[in-house]
Amino acid sequence: MTTPTHRRRPRSRRTLLVLATGVALVAGAVTVSAVGAATPGAATTPSSKRLHDDFNGDGHPDLAIGAPDSTVGTQAKAGAISVLYGASTGLATSRKQVLTWPDRSTSPGRAWYGSALQSADLDRDGYAELLSLVDTSADTSSTRHLVVNWGGPKGLSATPTLLKDAPIEYSGAFAVADFDGDRNPDIVTATDEDPESLGGGTLVRGPFTRDGAGAGTATFGVIPQEPWRATGFAAGDVTGDGVADLAVDAEFLDGDIGTGGTALLVGGSAGFTYKGFLKDAQGRFVRGEDIEAGDLNKDGHADIVVGRTFDDEDADLPAKGGAVIVVYGGPGGASTTRKPVWINQDTAGVPGAGEWRDGMGSALSIGDTNGDGYQDVVTGLPGEDLEGLTDAGSVLVLRGSANGLTGTGARAFTQNTAGVPGTAEQGDRFGAETALLDPDQNKRHSLVVGDPAENAHNGSVWHFPAPTGGITASGSTSFGAATLGAPSTRSRFGASLAD
């Protein structure tokens, strides 16, 4: 087997949790305090709505914002999550709920509650749940777990539950989707080794009960006959059979540091089937620092978008300043009729120019921003320099079309864009996190940008509306944790967004 390679740079992955000590946990529920009260609208019949990000069942997607470095009581970096509830009028900071990790003054470390947020209806009652990574180690081994706040007609539960049988090691990567075709959401987590010493993970089958238990577990390998480990996941129906498939950022364990590629595992009732590594049009293995999946050309197959944020010596790649590459889906996995495409700031139609350390490919999000039925791609460029300001940051919106992802019609936003609140400053790293959601259900996804470094690492979040024509700076708003009554001092508000 040929080993895909590249020299990896330090990561800033959305699914990566910082290695450090944490808080000791006991199995079962973990009590947290809620600051303020949820004020969601009346819930619909649970079976009538199954949006993956509608926590209160009113038919409008909601937004969860992680601030994992929040101090709670005497506990530094305990973590907090702020929730804004969607409505026909969109998002508003008045419709809020704040969840904080408890003050455990006798515990040995930190929790980082609010890291790597994702949402899904785990128990299929019509209300989405919110999942967060927490670090629960009592030493430097950095043991991580998933906790869940349960959805309901009044919003999320104030008390998160520890999910059972969902170990997370190394990268902290996990994904939620129906991987076995039974219409229940399952959870995949990355583990260092499976029973046969090959890189892989754990599949926890749904539905889940309120005590955190799933319906069963299974381990799986990533690549046959090679020792690998998974460092990132993206879920989507690549084959178009109604069952979610899994794209895996896989790292080779026996080779040079940084060797690896993106593998595709096809889901099914019998488990995952390995379909090989993704390659670009020149036959080069595809690897990056972020992975997302969505149907960009509306052909019924999810496409895999990989963000390659680093600059390295591979001068033959069109990736100066970072790039995204799209591998299109098809009935057998990767499409055999549509070639993969690279897009960076030197691509025709894309604003700006590729410059070293821009970080394009960071914080990917996928959604239809202009209502044309084609899903678009948002990428952060947190290392973008503006008017002499190093690492001020920006965000790009790239359009999907019948021909796939294109630079035509791309839009760029920074803190210096007319209509955007605030002013770009050196080291802001605007665009370190992004999300796309449709809170007012107008069939156009608005843009949320997280900047956890803003204001001396207090952090801020921006919301860009999506009227007819797509995302615009006009009417954009910005707010921080203090606006919501959440812990704010060096909290890194906006470090994670559940979209």
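**View 1. Arginine 338 lies over the face of tyrosine 328.** The distance to the ring centre here is 5.4 Å. A charge counts as over a ring if NZ of Lys or CZ of Arg is within 6 Å of the ring centre and within 35 degrees of the ring normal. Lysine 298 does something along these lines with tyrosine 374: its charged end sits over that ring, 4.4 Å from the centre.

A quick word on the model before moving on. It's a predicted one, where local features need pLDDT of at least 70 and side-chain atom pairs count only at pLDDT 80 or more, while totals for chains, interfaces and linings use all residues. Residues are numbered from 1 along each chain as its sequence is written, and side-chain values use heavy atoms, with hydrogens and water left out.

**View 2. Here's a tilted ring pair, tryptophan 101 with tyrosine 113.** Searching the whole structure turns up 7 aromatic pairs. Rings of Phe, Tyr and Trp (its six-membered ring) pair if their centres lie within 6.5 Å; planes under 30 degrees apart are stacked, over 60 edge-to-face, and the rest tilted. In this pair the centres are 5.2 Å apart and the planes meet at 45°, so it's tilted. Both residues sit in the loop between strand S4 (96–100) and strand S5 (115–120), so the pair ties together parts 12 residues apart in sequence. Strands (E, at least two residues) are DSSP runs, numbered from the N terminus. Tryptophan 101 and tyrosine 113 are both buried, meaning under 20% relative accessible area (1.4 Å probe, protein chains only).

**View 3. Phe179, Phe220 and Phe272 make a cluster.** What links them is ring pairs.

**View 4. Strands S23, S24, S25 and S26 form an open sheet, in that order.** The pairing is antiparallel; two strands pair if DSSP finds at least two bridges between them. At the edges, each pairing on one side only, are strand S23 (362–367) and strand S26 (406–413). Look at S24 (residues 376–381) and S25 (residues 394–399): 5 bridges join them. Valine 378 has valine 397 in S25 as its bridge partner.

**View 5. Threonine 414 lies in the loop between S26 and strand S27 (433–437).** Threonine 414 is buried, at 11% relative accessible area. Its side chain reaches the backbone nitrogen of asparagine 416 at 2.9 Å. Leaving aside neighbours within four places in sequence, threonine 414 is in contact (heavy atoms within 4.5 Å) with Leu386, Gly393, Ser394, Val420 and Phe430.

Definitions and conventions:
Helix = DSSP H or I, 4+ residues; strand = E, 2+ residues; numbered from the N terminus. Buried < 20%, exposed > 50% of the residue type's maximum accessible area, 1.4 Å probe, protein only. Polar contact = N/O pair within 3.5 Å; in protein donor to acceptor, adjacent residues only side chain to side chain.
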